[in-house]
Each structure stands twice: as structure tokens, then as C-alpha cells.
Amino acid sequence: MKKAIAYCRKSTINNRLTEEQGVLYQLKSIEQYAEYHQMNIVKTYSDVGYSGRNTERPELQEMLFDLKTMKIEADVLLIYSVDRFFLMRMRLQTYTPKYRLQT
């Protein structure tokens, strides 16, 4: 079974869901995906109230540190949508080769 980490982010209230509800919705979807594909989520990171343009999100930084220092081992990073990770494609491409993320 593959080990996975999950990352969720919701910046603002732009629909009927609050920030916390939006993150919970994303997480539920990610958990269902992981179960269907027989993946074990070993850790979940989530940032509430942060823009995708901001790379200094606390949970994002913790996740990157954990991966870099091998504090956490994972085969897969699960995100609800690429824009939950980064809004700017250039920033996503900066992290993809470094951490071998598959989009």
C-alpha cells in the first residue's frame, strides 16, 4: 500500500462553505480517493485563510520541511486541486522536480 500525505488549503469564503468547511470537504474527497486507490494517508497538512500565492503558509512549510528532512515518508502527495497547492504554475514547477511531485 502506498503511503500518502494530504494537503488542503482554503483562502477565503467565495461560496457557501466557510474556510473550515471547505478544507473538510477537500479532505473528505482526498480520503475517498486514497481509499479507492488503496493508499494510506500518513499525515494531513492544511492551511486555512492563506492565499495560494503565499508560499509562507505554515502547514505548507512544515510539509516541505518534513519531506526534506525525511521526518515523514510518503510516495504520493494528494491534493484536491492543483490550485490548492499553488495558484501560480511557475511556483508549482519549482517544487515539482525538487520533491518529485506528480501532477
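A residue is called buried when its relative accessible area is under 20%, exposed when it is over 50%, and partly exposed in between (1.4 Å probe, protein chains only). The model is predicted, so local features need pLDDT of at least 70 and side-chain atom pairs count only at pLDDT 80 or more, while totals for chains, interfaces and linings use all residues. Residues are numbered from 1 along each chain as its sequence is written, and side-chain values use heavy atoms, with hydrogens and water left out.

**View 1. The aromatic pair of Tyr 25 and Tyr 80.**
The structure holds one aromatic pair. Rings of Phe, Tyr and Trp (its six-membered ring) pair if their centres lie within 6.5 Å; planes under 30 degrees apart count as stacked, over 60 as edge-to-face and the rest as tilted. Tyr 25 and Tyr 80 are edge-to-face, with 5.7 Å from centre to centre and 70 degrees between the planes. Tyr 25 lies in helix α1 (residues 19-36) and Tyr 80 in the loop between β3 (76-79) and α3 (82-85), so the pair ties together parts 55 residues apart in sequence. Helices (H or I, at least four residues) and strands (E, at least two) are DSSP runs, numbered from the N terminus. Tyr 25 is partly exposed at 46% relative accessibility, and Tyr 80 is partly exposed at 40%.

**View 2. The salt bridge between Glu 62 and Lys 43.**
A salt bridge is a side-chain nitrogen of Lys or Arg within 4 Å of a carboxyl oxygen of Asp or Glu. By this rule the count is two. In the pair of Glu 62 and Lys 43, the closest N and O atoms are 2.9 Å apart. Glu 62 sits in helix α2 (residues 58-68) and Lys 43 in strand β2 (residues 39-48), 19 residues apart. Both residues are partly exposed: Glu 62 has a relative accessible area of 29%, and Lys 43 has 23%.

**View 3. The salt bridge between Asp 66 and Lys 43.**
Here the closest N and O atoms are 3.4 Å apart. The pair links helix α2, which holds Asp 66, to strand β2, which holds Lys 43, across 23 residues. Asp 66 is buried, at 2% relative accessibility. Lys 43, Glu 62 and Asp 66 are linked in a network of salt bridges.

**View 4. Arg 57, a buried residue with no salt bridge.**
Arg 57 is in the loop between β2 and α2. The nearest side chain of opposite charge, Asp 47, is 4.9 Å away; Lys and Arg count as positive and Asp and Glu as negative, while His and the chain ends are not counted. The side chain of Arg 57 makes a polar contact with the side chain of Tyr 7, at 2.8 Å. A polar contact is a pair of N or O atoms within 3.5 Å; within protein, one must be able to donate a hydrogen and the other to accept it, and residues adjacent in sequence count only if both atoms are side-chain atoms.
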